[in-house]
Amino acid sequence: MKIESATLREIQMPLVTFFETSFARMHQRRILLLQLQVDGVEGWGEVTCGEAPFYSSESTDTAALVLRDFLLPMVIGKSCAHPRDVAHWMRPVRGHAMAKAAVENAVWAAHAAQLGQPLWQVLGGTRREIACGVSLGIKDAVEDLLEAIERELAAGYQRIKVKIKPGWDVAVLERIRQRFPEIALMGDANSAYTLADLGHLRQFDRFELMMLEQPLWHDDIFFHARLQRELRTAICLDESIHHARDAEQAIAIGACRIINVKLGRVGGFSSALELHAATQQAGVPVWCGGMLESGVGRAHNIALSTLPNFSLPGDVSASRRYWHEDIIEPEVAVSPSGTIAAPAGAGLGFAVRLERVESLSKWKHQVHA
Ligand code: OSB
Ligand code: MG
């Protein structure tokens, strides 16, 4: 498969509602989309990092620079036998996992299209529909959050994740549990606590959370094991896990009982497949995280979520929760029972609306072999 050319674009889209984590409030997204031509077949990838380097060290502008100056020159004009070769070529570049993932994932989509099979089947997926949860950001008032939960449950979503931080945690979870005693509920701290908060974090146990996501430092595994020994609630790691070795280490020392897999954070499908195999082997369930993706990244997340060890509802939800109008056709829709059907079509399984992408683009950069 020869990677003949690339078009890198930055699109900007406002979010339907702002999204606030322990580190920032976001009103719009600046998203890099990569369109590759591979043996005359198109493949799309998305860089999932934020506009600012808060979730990870990558940002929209650093990813654009690294793609333009380093990653695209490493792959354009080359031929690969399999998409995982592309990950191998990019290995000399340290870090920049989300920029790399856009390249590798675009090649996977083209590869599946060439085989005439849906991407999810080519990856080894076994589920025809995936279970969906939602991630709800920090709001101005608890009432706003309770209303949002009500709405998402009515739409069918199978579990509710709420963002938490010191000052927006115990009292908020208390109110949620009063109103919704039985729902599948979890909290995501995005590293907002330290071990000095142990006494405070112990209070979370009474809310019967499915899990507590990334309570401690973004780059820590070791101290999460210390915390997990002190809590009844399962810890789920997000930010700290970058590849299968991290997962193996975290599992070996008891730092978590569940792992969130994000394609961007782990550097693309081949790394995600390794992580999937390692966690499955260890009997640790995983689920697919989200980064407020456009339809392209969302389609990749759906494909990943069909793998057998993705046995918990993920943060992959309907296009309309994020965008007034998505860039793919059809948009991602969720059934009344809170599932998304794996697409039947070959490749990505969704058509990218090129005219819409063009109209949203702030700039584009083209590279030919
Ligand atoms: O930690 O999972 C996270 C969004 C941006 C950055 C980090 C996270 C998130 C989400 C949103 O939780 C998930 C989604 O709906 O895409
Ligand atoms: Mg998270």
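Predicted model: local features only at pLDDT ≥ 70, side-chain atom pairs only at ≥ 80, totals over all residues.
Two strands are said to pair if DSSP finds at least two bridges between them.

Let me begin with the antiparallel sheet. Four strands make up this open sheet, and their order is β3-β2-β1-β15. At its edges stand β3, residues 41-47, and β15, residues 361-368, each of which pairs on one side only. From one strand to the next, the twist averages 20°.

Within this sheet, I would draw your attention to β2, which covers residues 25-38 and is joined to β3 by 7 bridges, the two running antiparallel.

The axes of α1 and α3 come within 10 Å and cross at roughly 45°. The pair is therefore oblique, and α1 passes α3 in a right-handed crossing. On the α1 side the contact is made by A63, L67, L71, L72 and V75, and on the α3 side by A99, K100 and V103. Sorted by class, this contact has 7 nonpolar residues, no polar ones and 1 charged.

I turn now to the parallel sheet. Here 7 strands form an open sheet in the order β5-β6-β7-β8-β9-β10-β11. The edge positions are taken by β5, residues 133-136, and β11, residues 286-288, each pairing on one side only. Inside this sheet, β6, residues 159-163, pairs with β7, residues 185-188, in the parallel sense over 4 bridges. In this pairing K163 stands opposite D188 in β7.

Please keep D188 in view, as the residue returns at the metal site. Which residues coordinate the magnesium ion, ligand 2? They are D188 and D238, each through OD, and E213 through OE, at 2.1 to 2.3 Å. Along the chain, these donors follow the spacing D-x24-E-x24-D. Since D188 belongs to strand β7 and E213 to strand β8, residues 212-213, the pair ties together parts that are 25 residues apart in sequence.

Finally, I come to a second pair of helices. Helix α5, residues 142-154, packs against helix α6, residues 170-179, at an angle of about 40°, and their axes are 10 Å apart. That angle makes α5 oblique to α6, and α5 passes α6 in a right-handed crossing. The residues of α5 that take part are V142, E143, L145, L146, I149 and E150, and they meet V172, R175, I176 and R179 in α6. How many residues of each class does this contact hold? There are 6 nonpolar residues, no polar ones and 4 charged.

The parallel sheet is formed by 7 strands. The magnesium ion, ligand 2, is coordinated by D188, E213 and D238. Thank you for your attention.

Definitions and conventions: Residues numbered from 1 in each chain as written. Chains lettered and ligands numbered in written order. Heavy atoms only, no water. Axes fitted to C-alpha atoms, helices over the stretch in contact; angles between N-to-C directions. Parallel < 35°, antiparallel > 145°, perpendicular 65-115°, else oblique. Left-handed = near helix turned anticlockwise from the far one by under 90°. Contact = heavy atoms within 4.5 Å. Nonpolar A, V, L, I, M, F, W, Y, C, P; charged D, E, K, R; others polar. Donors = N, O, S within 2.8 Å, 3.2 Å for Na, K, Ca; no water.
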